[in-house]
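Let's take a friendly look at the charged side chains in this model. Have the sequence and structure at hand as you read.

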Amino acid sequence: MTATNAPLISIRGLTKAYGTFTVLHGIDLDIAEGEVVCVIGPSGSGKSTLIRCINHLEAFAPESRITVDGITVEPGPSLAKVRAEVGMVFQSFNLFPHMTVLKNVMLAPMRVRGTPEKEAERKARELLARVGIAEQAEKFPGQLSGGQQQRVAIARALAMEPRVLLFDEPTSALDPEMVGEVLDVMRKLAGSGVTMIVVTHEMGFARQVADRVIFMDGGRLVESGPPEDIFDSPKHERTRGFLRAVL
Ligand code: ADP
Ligand code: MG
């Protein structure tokens, strides 16, 4: 239905307010299929809110328009379809603590897609191998390190075969020695053509892996471009100031 060169995600005039406080001021953004976009910016700049609007975890102003694979993101019957196409990985892994790793990954395909148990298990084991923790399948989340738990969360998101994966600071809650293993998995996904939007403070990862880096400040998309442009010759003073502080 959608033209081949249509963006996978289209965001137009995205505005979001909490009461009288405007968090997002009319964001326009297109994400192409297969693109890896890293979103950087100071705390409170609206990065999480932006990506949470994409699957309507946050409501937004009615004049705003977001489409995912041609489907308008709005409350109603089409929202389940959007959410099945948009996988999310959070800072806090949000695994089900009373279920094994394997069951965590099997659950959504069985419940939402009606995948038969045997098929869901086969797929889950394959995904756990893909994120490098096949041998942890029968354990419970609490028995795993933070890095391993986050890799389970990535496998769980992939199990729904989403068109796009959204990451909200996936390594921010990890002990430093575990950041690398999660970034390695994400780098591999990016290399295999998965469309990804990654909110991150890992500037090395953004520089190395992103097709495009977006700098946000004060609820606005201040600057966006290839990583070498943003990191080596940022145009805006606010981008320069932010990079000076974090690099
Ligand atoms: P970031 O992810 O860039 O740190 P957020 O998207 O979490 O920023 O937040 C953007 C702004 O919105 C911040 O000023 C934050 O305080 C505010 N905000 C976020 N959630 C709420 C909420 N539920 N109620 C009121 N203000 C909120
Ligand atoms: Mg955030």
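Which side chains meet in a salt bridge at 3.1 Å, N to O?

## A pair in helix α9

The side chains are those of Glu237 and Arg240. A salt bridge here is a side-chain nitrogen of Lys or Arg within 4 Å of a carboxyl oxygen of Asp or Glu. Because Glu237 and Arg240 are three residues apart in helix α9 (residues 237-246), about one helical turn separates them. Helices (H or I, at least four residues) and strands (E, at least two) are DSSP runs, numbered from the N terminus.

Glu237 is partly exposed at 45% relative accessibility, and Arg240 is partly exposed at 32%. Buried means under 20% relative accessible area, exposed over 50%, and partly exposed in between (1.4 Å probe, protein chains only).

## A pair in helix α4

Arg122 and Glu119 form a salt bridge, 3.0 Å from N to O. They sit three residues apart in helix α4 (residues 117-130), so about one helical turn lies between them.

Asp30 pairs with Arg12 in a salt bridge whose closest N and O atoms are 3.0 Å apart. This pair joins distant parts of the chain, 18 residues apart: Asp30 in strand β2 (residues 21-31) and Arg12 in strand β1 (residues 9-18). Asp30 is partly exposed at 29% relative accessibility, as is Arg12 at 38%.

## The whole count and the model

Searching the whole structure gives 19 salt bridges.

This is a predicted model, in which local features need pLDDT of at least 70 and side-chain atom pairs count only at pLDDT 80 or more, while totals for chains, interfaces and linings use all residues. Residues are numbered from 1 along each chain as its sequence is written, chains are lettered from A and ligands numbered from 1 in the order in which they are written, and side-chain values use heavy atoms, leaving out hydrogens and water.
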